[in-house]
Amino acid sequence: MPIINRAAELAEDAKVWRRDFHQHPELLYEVHRTAARVAELLTSFGVDEVVTGIGRTGVVGVIHGREPSKRVIGLRADMDALPLQETRDVPHKSIIPGKMHACGHDGHTAMLLGAARYLAETRNFAGTAVVIFQPAEEGGAGGRAMVEDGMMDRFGIEEVYGLHNAPGLPLGTVATRAGAVMAASDTFEVRLKGLGGHAARPNKCVDPIVAGAQIVTALQSIVARNVDPVESAVLSITRFHAGTSADNIIPQTAVIGGTVRTLDEEIRRLMDERFKAVVTGLAGGMGVEAEIDYEWGYPVVVNHAEQTAFAADVARGVVGPDQVTTDMPPRLGGEDFAYMLQARPGAFVFMGIGDGAGVHHPEYDFNDDVIPHGISYWAKLVETAMPVG
């Protein structure tokens with residue numbers, strides 16, 4: 001069950017679609033051109049039903065197999081780009097200033113479109129394949145929006161699968177794991193208010209910089225001293241703003257911000273609680289006021305064991321048994337496919353695209369050579385999950 005011949009043929013068209021999406025990146029829910037093109041292509045493929053506006057700007061296509069069955073499998077790709085200026089000089093470079101496909105969602109969309117065309121042509125399965133094109137993965141929780149819009153129940157989806165490209169992994173290889181595969185991604189901002197004044201008279205001031213420095217240092221003790229050493233957590237301070245260009249002014253305020261990543265909901269709650277306790281306690285001791293915004297972002301991406309084993313078996317049939325690993329270390333990036341996996345059992349896998357710039361980098365570009373692998377994986381997943389006869 002290697003790469004499907006027809007998938008290799010379709011890859012040339014998918015490459016054209018991918019590069020068109022790459023040249024016209026759109027952000028968050030404002031993926032109007034991309035969604036319209038996806039819907040247009042699905043309709044041209046003869047997909048049985050094409051529904052737009054799911055989760056605001058998401059697109060769903062329904063493909064019935066040649067034999068009736070109650071089985072319904074969902075396949076998901078994300079469509080949105082990033083607010084980043086592309087620096088790589090390629091013929092299909094973004095024509096939109098300050099926007100680029102730096103995470104490969106153009107490739108995800110193109111591969112799923114290729115699979116949709118193949119499945120609509122062959123229909124060699126018993127049941128229904130639902131192809132899901134999601135907006136706003138990059139911080140907008142488009143996955144949650146589609147779930148809350150009733151997508152799973154409306155289309156009767158029983159299981160749902162996702163795929164993400166992986167720079168640095170050999171081309172076409174697949175990596176996954178059961179359980180937590182990607183982290184919860186939470187953010188925080190602490191606004192400190194002291195009493196500003198002349199730097200030569202610190203005794204007449206309440207210095208928010210000194211308080212902030214103490215808080216930054218103390219926050220690192222949460223992971224070191226409150227989290228079980230066999231568990232994982234990251235707390236990173238990514239910004240600390242205070243003062244002006246003047247050297248003789250103690251400022252009135254300071255702002256600290258950053259992110260927390262965890263792989264377990266209990267550890268996630270612990271980090272939240274301890275963060276607030278440390279900041280509040282130290283701020284009070286230093287005589288400054290502290291206003292805390294601690295925002296829970298995407299949940300942990302938790303792969304279901306049965307579906308992960310199944311997805312890995314399908315991948316082995318496409319790329320070879322030695323090219324699939326099921327014990328990859330969890331990644332501490334965030335991914336809103338987590339919401340779909342909370343709603344239905346399923347699995348999220350990574351597919352290698354070879355060497356090159358990493359995602360979210362201005363030099364990144366999706367490797368079109370992986371497109372036949374992705375189309376074949378999606379097609380075989382459907383055909384294997386819902387076999388004819």
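User: How many bridges join strand E3 to strand E5?
Analyst: First, this is a predicted model, where local features need pLDDT of at least 70 and side-chain atom pairs count only at pLDDT 80 or more, while totals for chains, interfaces and linings use all residues. Residues are numbered from 1 along each chain as its sequence is written, and side-chain values use heavy atoms, leaving out hydrogens and water. Strands (E, at least two residues) and helices (H or I, at least four) are DSSP runs numbered from the N terminus, and two strands pair if DSSP finds at least two bridges between them. E3 covers residues 67-78 and E5 covers residues 159-166; they run parallel, and the bridges joining them number four.

User: Which strands stand at the edges of the open sheet?
Analyst: The sheet has eight strands with mixed pairing, in the order E1-E2-E4-E3-E5-E16-E6-E15. A strand with a single partner has one side left without a neighbour in the sheet, so the edges belong to E1 (49-54) and E15 (324-325).

User: What angle does helix H10 make with E3?
Analyst: H10 (residues 371-385) packs on the sheet, touching E3, E4, E5 and E16 (346-352); contact means heavy atoms within 4.5 Å. Angles run from 0 to 180 degrees between N-to-C directions, with axes fitted to C-alpha atoms, for helices over the stretch in contact. On that scale, the direction of H10 makes an angle with that of E3 of about 150°.

User: How many residues of H10 are buried?
Analyst: Buried means under 20% relative accessible area, exposed means over 50%, and partly exposed is in between (1.4 Å probe, protein chains only). H10 is mostly covered: out of 15 residues, the buried ones number 14.

User: Is histidine 164 buried or exposed?
Analyst: Histidine 164 sits in strand E5. Leaving aside neighbours within four places in sequence, its contacts include Cys103, His105, His108 and Glu335. With a relative accessible area of 9%, histidine 164 counts as buried.

User: How many bridges pair E8 with E12?
Analyst: Strand E12 (residues 253-262) is mostly covered, with seven of its ten residues buried. E8 and E12 pair in the antiparallel sense, and their bridges number ten.

User: Which residue in E12 is the bridge partner of arginine 239?
Analyst: Strand E10 (residues 233-242) runs antiparallel to E12, with nine bridges joining them. The partner of arginine 239 in E12 is glycine 257.

User: How many residues apart in sequence are the parts tied together by phenylalanine 188 and phenylalanine 275?
Analyst: Rings of Phe, Tyr and Trp (its six-membered ring) pair if their centres lie within 6.5 Å; planes under 30 degrees apart count as stacked, over 60 as edge-to-face and the rest as tilted. This pair is tilted, at 4.5 Å centre to centre with 45° between the planes. At 3% relative accessibility phenylalanine 188 counts as buried, and at 0% so does phenylalanine 275. Phenylalanine 188 is in E8 (residues 184-193) and phenylalanine 275 is in helix H7 (residues 265-286), so the parts tied together are apart in sequence by 87 residues.
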